[in-house]
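Please keep the sequence open beside the structure while I talk.

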Amino acid sequence: MASLGVGLHFNRKRGASRSAAVERRNLLTVCRFSVKTLLDRSCFETIDDSSPEFVNFVSILEQILSHRLKGQTTWFGYESPRSFWDCIKVACSKVPHNCIRSIESMENVRSSRAKGRAWIRVVLMEKRLSEYISSALRDLKTTRRFYDDGAIMLGEEAGLLADTLIGLNTIDFSFCLKGEGLDGSCPAVIDYTPYLKFTQNADSISSDEEEMRTLGSSGSESSTPDKTATAASIFTEQSNLFSKCKRFEQKYRMALEQKGYLEELVRLREAQLAEAVSHNKALQQSLSDAHLSHTLEKEQLEFIVLELQDQLKSFQSLEQLSADMSLSQTSLEPSHTLSLEARPASSTLWPHQGKEETPSLRGLCGSLTSVASYKSLTSMKSNECLASPLTEICSPGISPS
């Protein structure tokens, strides 16, 4: 009995793992088909909320992002359901120039599921859905905190999902974020009928031929089995050729759309490069102008410094000259006072007027004149003032001895 219970548990566990793997594979395959149908539809019309291909794609993406999503445990131990927006707003917060804050501040979007649907539409219009998904996949710590084991976001297939979503960057989406499609109460239901395809095998072809033979024989007696078989083979061949042409046409349109997207991207990068080159040239020109002005200002400042140094030297020489003049004036003041004091005595000694000077007084005047010429200009003036009393002394006529 114990071995039977272990076997049943093992079979149940293996069946659960198989069902989870099949569910993941089905969701990823249907997502790839949905992306292809969106690319085909975008060749003829603009994709908006009313497009059935877009509604189906959004439902598939919501199922993938909500696959095995953990619930939120409350304070009382109950587990409440959670939306994929709770994981996206944390895992994609490091994406540069993200739209997380703008979606959180929307007034008409209240519930968490509605915010997630608004986020899908915004990033599709920004052509950055694959970038956000890749950023969320790189944040393994956050994804493991929000998803259980076996989830698509934790498996290796998630990288293929991000690569598949790159093709949506070639489509120009146009959405209205105020409609009823963002209501969180509407469930996301996937329509699998556009992706179902019946492939005929040999048995089904033979049964169809037999039916056509019976129909041909009952309809007209003149028809033969050979003609019926020939018509059936021609019909099957034409249908095969038509399906092949259809596939080739779809591939050609997809390649054409990708080519147009890449060409537009190249033109954008070339324009950005030309703008960067012109900006670099302007910066180099401004740098050279600043260097030239700096050199001129430096030369002017050096010239001003030299001129100030020369003026300082001239001022120092003038101060030295004035100091010498004041020193010489103070040294000659006592002799001047003595000459003034000796004037009355000399007038009593030489009372006679109108006579010539004596040789001794002439020699004294000559010696005073030589002293005055040795000094500076102000010294000469002071000596002239000193010599004037002596001249007056010598002016009375004194007969030589």
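Predicted model: local features only at pLDDT ≥ 70, side-chain atom pairs only at ≥ 80, totals over all residues.

Glu104 is partly exposed, because its relative accessible area is 31%, and on this scale buried means under 20% relative accessible area, exposed over 50%, and partly exposed in between, with a 1.4 Å probe and protein chains only. Its partner in a salt bridge is Lys89, with the closest N and O atoms 3.9 Å apart, where a salt bridge is a side-chain nitrogen of Lys or Arg within 4 Å of a carboxyl oxygen of Asp or Glu. This pair links distant parts of the chain, since Glu104 sits in helix 4 (residues 100–104) and Lys89 in helix 3, 15 residues apart; helices here are DSSP runs of H or I with at least four residues, numbered from the N terminus. Lys89 also counts as partly exposed, at 31% relative accessibility.

Residues are numbered from 1 along each chain as its sequence is written, and side-chain values use heavy atoms, with hydrogens and water left out.

How many salt bridges does this rule give? The count comes to 13, and side chains of opposite charge can pair when their charged atoms come close. In one of them, Lys259 meets Glu263 at 2.5 Å, N to O, and because the two are 4 residues apart in helix 10, about one helical turn separates them. Lys259 is partly exposed at 46% relative accessibility, and Glu263 is partly exposed as well, at 34%. Another joins the side chains of Arg128 and Glu131 at 3.0 Å, N to O; here Arg128 counts as buried, with a relative accessible area of 15%, whereas Glu131 is partly exposed, at 35%.

Staying with helix 3 (residues 85–91), let me turn to Asp86, which lies in it. Asp86 is buried at 16% relative accessibility, and its side chain makes a polar contact with the side chain of Ser112 at 3.3 Å.

Now to the second largest pocket, which holds about 300 Å³ of space. A pocket, on a 1 Å grid over the protein atoms alone, is an open set of points where a 1.4 Å probe fits, with protein on both sides within 12 Å along at least five of seven lines, and lining residues have an atom within 4 Å of a point. Its lining has 14 residues, and Thr37, Asp40, Arg41, Glu53 and Gln250 lie nearest the centre. Helix 1 (2–42), helix 2 (52–65) and helix 10 (225–341) each give two or more residues to that lining, and helix 10 has the largest share, with 4 residues. Arg41 and Glu53 are also linked with Glu45 in a network of salt bridges.

Phe54 and Thr37 are 17 residues apart in sequence and 9.0 Å apart in space, C-alpha to C-alpha. Leaving out residues up to four places away in sequence, Phe54 touches several others, including Leu38, Arg121, Leu124, Phe173 and Phe175, contact meaning heavy atoms within 4.5 Å.

How values were computed. Points joined across faces, edges and corners; volume = space filled by probe spheres on them. Polar contact = N/O pair within 3.5 Å; in protein donor to acceptor, adjacent residues only side chain to side chain.
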